[in-house]
Amino acid sequence: MTDETLTQDLALAESTLKDLLANLSEEAIVVARIGAPDEPDDPGAPTPLELDVQGGDLGFLIGHRGEALAALQYLVRALLAKQLKRNVHVVIDVDGYRVKRREQLMAMARRIADQVAQRGKPMALEPMAPDERRTIHIALRDHPAVRTESVGEGNRRKVTIIPR
């Protein structure tokens with residue numbers, strides 16, 4: 001995808017999110033940027049369009065465990081896909097929630113991996129959204145003493161950390 005196409009997609013993503021927020025009567029600032037691919041070594045990895053919503057009391061946009069934020073991101077992706085006739089990788093954050101949550105998940109993954117390695121018994125984590133499970137898998141993919149596996153179906157899917 002060309003830089004010009006990414007820039008146009010980013011502008012459309014930003015205006016779509018701003019329109020949704022305006023319909024919610026929320027005054028918020030949307031900071032838009034082209035992100036780095038999740039897998040920089042993979043030339044086919046999609047380049048994310050990052051939209052960060054900043055403002056006053058925006059907790060309702062995050063919801064319980066980020067559920068409202070996930071729904072908002074899904075809605076923006078669906079609207080863009082319909083307009084552009086193709087999928088676009090959009091990541092929405094509200095007041096740095098995703099960054100903080102990612103750091104928490106990575107710290108938890110390392111802590112539990114050490115426990116699993118020490119005890120020699122697998123441990124299943126709580127059910128998580130796909131992006132959170134992916135964070136756990138990435139955090140532990142190079143861990144010498146454990147491996148990870150997703151088990152379960154639907155919204156009950158969770159990561160199990162298993163000793164090697």
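The legends below describe close-up views of a predicted protein model.

**Figure 1. Overview of the predicted model, with its helices and strands.** The protein has 5 helices and 6 strands. Along the sequence these elements follow the pattern α-β-β-α-α-β-α-β-α-β-β. A box of roughly 50 × 35 × 25 Å, taken along the principal axes, holds the C-alpha atoms. Of contacts between residues at least 6 apart in sequence, 57% join residues at least 24 apart.

**Figure 2. Surface and charges of the protein.** The accessible surface comes to about 9,900 Å², and carbon and sulfur atoms account for 51% of this surface. Buried residues make up 34% of the 164 residues.

**Figure 3. The open sheet of strands E1, E2 and E3.** The 3 strands lie in the order E1-E2-E3, and their pairing is mixed. Strand E1 (28–34) and strand E3 (90–94) stand at the edges with a single partner strand each, so one side of each has no neighbour in the sheet. On average, neighbouring strands of this sheet are turned by 20° against each other, direction ignored.

**Figure 4. Pairing of strands E1 and E2.** Strands of a sheet pair through backbone hydrogen bonds, either parallel or antiparallel. E1 and strand E2 (residues 49–55) pair in the antiparallel sense, over 7 bridges. Within this pairing, Ala32 stands opposite Leu51 in E2.

**Figure 5. The hairpin of strands E5 and E6.** Strand E5 (residues 146–151) and strand E6 (residues 158–163) run antiparallel and are joined by 6 bridges. Thr148 stands opposite Ile161 in E6. Between the strands of the hairpin there are 6 residues, and Gly152 takes a positive phi near 100°.

**Figure 6. Helix H5 and the elements its buried residues pack against.** Helix H5 covers residues 130–140. Its buried residues are Glu132, Arg133, Thr135, Ile136, Ile138 and Leu140. An α-helix has 3.6 residues a turn, so residues three or four places apart point the same way. The buried residues of H5 pack against helix H4 (97–119) and against both E5 and E6.

Definitions and conventions
Residues are numbered from 1 along each chain as its sequence is written. This is a predicted model: local features need pLDDT of at least 70, side-chain atom pairs count only at pLDDT 80 or more; totals for chains, interfaces and linings use all residues. Side-chain values use heavy atoms; hydrogens and water are left out. Helices (H or I, at least four residues) and strands (E, at least two) are DSSP runs, numbered from the N terminus. Buried means under 20% relative accessible area, exposed over 50%, partly exposed in between (1.4 Å probe, protein chains only). Contact means heavy atoms within 4.5 Å. Accessible areas come from the Shrake-Rupley method with a 1.4 Å probe; for residues, only the protein chains shown count as cover. Lys and Arg count as positive and Asp and Glu as negative; His and the chain ends are not counted. The place of a charge is taken as NZ of Lys, CZ of Arg, CG of Asp or CD of Glu. Two strands pair if DSSP finds at least two bridges between them. Axes are lines fitted to C-alpha atoms, for helices over the stretch in contact, and angles run from 0 to 180 degrees between N-to-C directions.
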